[in-house]
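Open the model in your viewer and keep the selection tool ready. We will go stop by stop.

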Amino acid sequence: MNRLEEELLAGFDEDGETFEFAGPWLKRPADLEKLVKSQNTRVREVVASIGRDKDLDVLVNDPERDVRLQVAEWGRDKDADVLVNDFDPCIREEIARQGRPEHLDLLINDPDHSVRSMVAFLGRDKDLDRLVADPNWRVRESVAIRGRGRIYADWRTTKAKQSVKKLPASGGCKRTCLNNSQSWSVLLAVGPMTF
């Protein structure tokens, strides 16, 4: 690690605010241009956290997940358009968290349950209607959490009506359980929940 990299990492407090840290470095563009090409992953991650557009343009294609995640967290549209197809589910989950409708339309079909769960957690009605029958219980749990007190099921069928049963209230909370015969039950709040 060279002197410049040491200086960057020494001044960066992981628990502090990046904004306070970034100010002096933004006045040193020549140094940032050197640091963006560092072999040290942590240095590139810190450079991405500073958020200079020129650096983010380079780091969006970085081979390391943590660097790309820092880029994604800035929420720039052009980065999200690239990272929505990233091979790492953590990156796609961050893109889903940002809630762009065109990306949610793609990510609802993601092969990773954590990404679909984030899509459900955002609570768009059309996504909840579709993900209520997801094969993964974590996704269905996110549907239940964001269900806004409604059960997203096809009430026109007898089978759907039979799959709902009342559970005893805990902590003064009324709950309804939407069962899937092949996997875990999903709790759906119909009142304030306390855990």
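Buried means under 20% relative accessible area, exposed over 50%, and partly exposed in between (1.4 Å probe, protein chains only). Helices (H or I, at least four residues) and strands (E, at least two) are DSSP runs, numbered from the N terminus. This is a predicted model: local features need pLDDT of at least 70, side-chain atom pairs count only at pLDDT 80 or more, and totals for chains, interfaces and linings use all residues. Residues are numbered from 1 along each chain as its sequence is written, and side-chain values use heavy atoms, with hydrogens and water left out.

**Stop one: α10.** Select residues 113-121. Buried here are V115, R116, S117, M118, V119 and A120. What covers them? The cover includes α8 (89-97), α9 (101-107), α11 (125-131) and α12 (137-145). Now click G123, which follows α10 and has a positive phi, near 80°.

**Stop two: H103.** Find H103 in helix α9. Is H103 buried or exposed? H103 is buried, because its relative accessible area is 3%. Show side chains: H103 and D81 are joined by a polar contact of 2.9 Å. A polar contact is a pair of N or O atoms within 3.5 Å; within protein, one must be able to donate a hydrogen and the other to accept it, and residues adjacent in sequence count only if both atoms are side-chain atoms. Setting aside neighbours within four places in sequence, H103 is in contact (heavy atoms within 4.5 Å) with A80, D81, V84 and I95.

**Stop three: α6 and α8.** Select R65, R68, L69, A72 and E73 in α6. They meet C90, I91, E94 and I95 in α8.
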